[in-house]
Amino acid sequence: MAFDLTQASVAAIAARIQSRELSAVEAAQHFLARIEAHRGLNAFVAVDPEETLAQARAADAAVAAGTAGPLAGVPIAHKDIFVTRDFPTTAGSKMLKGYRSPFDATTVARLATAGAVTLGKLNCDEFAMGSSNENSAYGAVQNPWDATRIPGGSSGGSAAAVAARLAPAVTGTDTGGSIRQPAAFCGVTGIKPTYGRASRYGMVAFASSLDQAGPMARSAEDCALLLSAICGPDLDRDSTSLDRPTEDFGRSLSDRLEGLRIGVPKEFFGDGLAADVRAALDAALKEYEKLGARLVEISLPRTELAIPVYYIIAPAEASSNLSRFDGVKFGHRAAQYGDLLDMYKKTRAEGFGDEVKRRIMVGTYVLSHGYYDAYYLKAQQIRRMIADDFQRAFQSCDVIAGPVAPTVAWKLGDKSDDPVANYLADIYTLPGSLAGLPGMSLPAGFGEGGMPVGLQLLGNYFGEAKLLNAAHRFQQATDFHLRTPEGF
Ligand code: GLN
């Protein structure tokens with residue numbers, strides 16, 4: 001059978017390039033042509049074929065010289081939240097239009113060291129705030145499964161690019177679900193590691209106590225390859241980076257699932273869960289039982305509180321992080337202004353979109369004297385209790401399974417005027433984020449309108465290998481992750 005580059009896995013592309021049956025330049029050209037042919041999706045916000053091809057030529061030279069890394073020549077693309085020296089970085093905001101970073105984010109640098117070639121930068125919600133990608137200053141992204149629907153967010157361009165086979169793998173970031181939810185909505189696989197395993201250096205900061213980087217690809221196996229390159233200590237550059245050695249996440253992919261205890265939180269299967277999503281997940285859990293896993297009912301009693309807690313803590317941190325965008329050092333500056341204060345005001349009024357402004361205001365409010373104890377402090381206390389609930393749950397299970405989102409991807413525009421409706425849809429991803437746990441989403445079936453349904457797996461701290469193994473075994477037995485949307 002002829003080698004099909006469009007459908008090939010990261011592992012297969014890397015192997016072909018290493019054996020020189022395929023050149024990195026050919027691989028890059030193939031995906032650049034697909035990106036060009038599917039510009040209508042609006043998944044990419046920056047491409048630079050010359051730069052990409054220069055990187056590909058360097059990868060081919062490294063292969064010829066025998067100095068190539070494990071991902072040599074594999075074409076990938078980065079969420080536009082990661083700063084890159086060789087491509088512009090906007091974070092989905094008008095504030096950073098045309099901005100170029102003098103350095104690469106650690107995640108970008110580590111993947112480059114492994115040999116990956118950058119195809120471009122991917123659209124996302126402004127400063128990663130959103131669940132639909134509709135908050136991007138550079139326009140919405142279409143879901144490849146249905147052009148009238150959202151791809152999810154905030155890593156919407158990332159998920160759409162993988163689903164449409166515009167790149168075999170990409171990076172994303174997850175603060176409250178931004179890798180898992182778009183992966184679910186676009187039928188791809190994504191993993192967010194334990195907080196602190198991936199460096200935050202060079203990720204445009206949203207909520208620093210929550211932000212994590214991770215890969216999205218078609219399979220758990222491919223995610224494992226990228227995650228192994230991404231994770232590792234970066235102690236000098238990120239104060240919350242963990243001194244935990246780099247790990248080969250591929251090593252235990254084929255472990256048997258016999259005896260694996262899968263915790264099913266009853267709060268994740270309540271009234272708010274749509275019937276089509278529930279049906280797909282029930283079938284997926286049955287498949288796990290067939291594979292030898294045992295289902296155990298568990299309780300995460302504070303699940304609903306995760307929404308108010310997250311929507312206090314994340315805006316609080318954002319209001320502080322985004323104070324750097326004031327027109328002085330970088331990014332947008334208003335063309336006309338009076339004194340310094342006026343310059344700040346006009347710059348920020350022009351540069352930020354509505355959702356970002358809303359969060360800065362909420363964040364400033366909950367941190368202000370007189371409200372701090374009632375909101376921010378209280379939220380921190382409940383955050384701790386949510387983390388404790390998980391520790392109790394992990395006494396009776398090895399991984400936790402549930403939905404990623406209550407429904408499949410909704411229609412573009414359906415919730416764009418209703419911030420709270422967007423927030424509520426984050427209910428199943430926020431608890432794991434607040435606890436700092438690793439989590440992933442894998443394709444588990446299809447629901448209403450033929451849209452993909454994702455299964456969320458949450459692990460205990462440093463349980464990435466266990467999650468990837470559980471996902472891989474499921475993908476060995478099912479073909480949901482191999483289905484391609486029509487027209488791609
Ligand atoms: N949807 C959530 C929010 O709007 C999560 C976003 C994210 O993980 N970056 O904040």
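1. In this predicted model, the second largest pocket holds about 280 Å³ of space. Its lining is made up of 22 residues, and those that lie nearest the centre are Gln 55, Ala 112, Thr 113, Ala 116 and Val 117.

2. At least two residues of that lining come from each of helix 3 (49-65), strand 2 (75-79), helix 4 (106-113) and strand 3 (117-122). Sorted by class, the lining of the second largest pocket has twelve nonpolar, seven polar and three charged residues.

3. The largest pocket, with about 360 Å³ of space, is lined by 18 residues, of which Phe 103, Gly 202, Met 203, Val 204 and Arg 324 lie nearest its centre. In this lining, eleven residues are nonpolar, two are polar and five are charged.

4. Eleven strands form an open sheet with mixed pairing, in the order 1-3-2-4-6-5-10-11-9-7-8. Strand 1 (44-47) and strand 8 (294-298) each have a single partner strand and stand at the edges, so one side of each is left without a neighbour in the sheet. From one strand to the next, the twist averages 30 degrees.

5. Strand 2, which contributes to the lining of the second largest pocket, runs parallel to strand 4 (residues 169-174) and is joined to it by two bridges; Ile 76 stands opposite Ala 169 in strand 4. Helix 4 packs on the sheet, where it touches strand 2, strand 4 and strand 6 (212-217), and its direction makes about 175 degrees with that of strand 2.

6. Helix 7 (residues 220-230) also packs on the sheet, touching strand 2, strand 4, strand 5 (189-192), strand 6 and strand 10 (439-446), with its direction at about 145 degrees to that of strand 6.

Terms used:
Residues numbered from 1 in each chain as written. Predicted model: local features only at pLDDT ≥ 70, side-chain atom pairs only at ≥ 80, totals over all residues. Heavy atoms only, no water. 1 Å grid on protein atoms, 1.4 Å probe; cavity = no way out; pocket = protein on both sides within 12 Å on 5 of 7 lines; lining within 4 Å. Points joined across faces, edges and corners; volume = space filled by probe spheres on them. Nonpolar A, V, L, I, M, F, W, Y, C, P; charged D, E, K, R; others polar. Helix = DSSP H or I, 4+ residues; strand = E, 2+ residues; numbered from the N terminus. Pairing = 2+ DSSP bridges. Axes fitted to C-alpha atoms, helices over the stretch in contact; angles between N-to-C directions. Contact = heavy atoms within 4.5 Å.
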